[in-house]
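Please walk through this fold with the sequence and the model side by side.

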Amino acid sequence: MARAAPPALLLPLLGLAAATAAAAAAAAAVGCPSSTWVQFQDSCYIFLQEAIKVESIEDVRNQCTDHGADMVSIHNEEENTFILETLKKQWKGPDDILLGMFFDTDDASFKWFDKSNMTFDKWSDQEDGEDLVDTCAFLHTKTGEWKKGNCEVSSVEGTLCKAANNHILISALVIASTVILTVLGAVIWFLYKRNLDSGFTTVFSTAPQSPFNDDCVLVVAEENEYAVQFD
């Protein structure tokens, strides 16, 4: 009995995998989500120049998370300079703008909201023994230096947000393609096994055929009948 090989049934999976890879490559080539974003190295930045009333710094973060980003983090002098130069061209707000940083009282250190490592700082004030509870960081848009300030702000004139280049788009694409491939593979394997178990003689098997055609069978039958009459 001839049976279809499983690789033949999995051809649609290969096609879908190729299409997914092509889509991922295209997404990576797109860059930042739109022209309102500015790209630097492997990150995208957006400057939301909108005055809003806030009750906590989480309200400021929500401005960024609504755009698939977080409040800005800065990790080297080059990035700090890039942000400063871009702000000088675009920023119309006050001299200080919130960075995505807070003081963690659990281990007495500053941390970025986006959970990236603290690898760089540019503090203008380094006082020892100061009370840092509810302390956040601000970037001075004229000098590029950082200064400490109270996180309890009642309003902001704008928000500076940062997102990894295509991070959200590619992550969603990978997750969706994985689910599709898994489901499609399970369906094809189920159908293949069901056809094998049911003994269908379509794609998976061929019906046994007699070595004689209908005319041969008829002649043999007539000869047998003629022989019986003479007996």
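**An enclosed strand and its links**

Strand 2, residues 43-48, has 6 of its 6 residues buried, so it is largely enclosed by the rest of the structure. Buried means under 20% relative accessible area, with exposed over 50% and partly exposed in between, using a 1.4 Å probe and protein chains only. Strands (E, at least two residues) and helices (H or I, at least four residues) are DSSP runs, numbered from the N terminus. This is a predicted model: local features need pLDDT of at least 70, side-chain atom pairs count only at pLDDT 80 or more, and totals for chains, interfaces and linings use all residues. Residues are numbered from 1 along each chain as its sequence is written, and side-chain values use heavy atoms, with hydrogens and water left out.

Ser-43, Tyr-45 and Phe-47 point one way. Cys-44, Ile-46 and Leu-48 point the other way, and all of these residues are buried.

Now the partners. Strands of a sheet pair through backbone hydrogen bonds, either parallel or antiparallel. Here two strands count as paired if DSSP finds at least two bridges between them. Gln-39 has Cys-44 of strand 2 as its bridge partner. The hairpin of strand 1 and strand 2 has 2 residues between the strands, and Gln-41 takes a positive phi near 55° there. Strand 2 also pairs with strand 10 (residues 159-164), in the antiparallel sense, over 6 bridges. In that pairing, Phe-47 stands opposite Leu-160 of strand 10.

Next come the cysteines. A disulfide is a covalent bond between the sulfur atoms of two cysteines. The search criterion is a pair of cysteine sulfur atoms within 2.5 Å. Across the whole structure, 3 disulfides are found. Counting bonded cysteines along the chain, their pattern is 1-2, 3-6, 4-5.

Cys-44 brings us back to strand 2. A disulfide joins Cys-44 to Cys-32, with 2.1 Å from S to S. Cys-32 lies in the loop between helix 2 (11-30) and strand 1, while Cys-44 is in strand 2, so the pair ties together parts that are 12 residues apart in sequence. The torsion about the S-S bond of Cys-32 and Cys-44 is about -95°, so this disulfide is left-handed. Cys-32 counts as buried at 11% relative accessibility, and Cys-44 counts as buried at 1%.

Cys-64 and Cys-161 are joined by a disulfide, S to S 2.0 Å. The pair links distant parts of the chain: Cys-64 is in helix 3 (residues 57-65) and Cys-161 in strand 10, 97 residues apart. This link of Cys-64 and Cys-161 is left-handed, with -80° about the S-S bond. Both Cys-64 and Cys-161 are buried.

The remaining bond joins Cys-136 to Cys-151, S to S 1.9 Å. Cys-136 lies in strand 7 (residues 135-140) and Cys-151 in the loop between strand 8 (146-150) and strand 9 (155-156), so the pair ties together parts that are 15 residues apart in sequence. With 105° about the S-S bond, the link of Cys-136 and Cys-151 is right-handed.

Strand 5 (residues 96-104) pairs with strand 6 over 4 bridges. Phe-102 has Lys-111 of strand 6 as its bridge partner.
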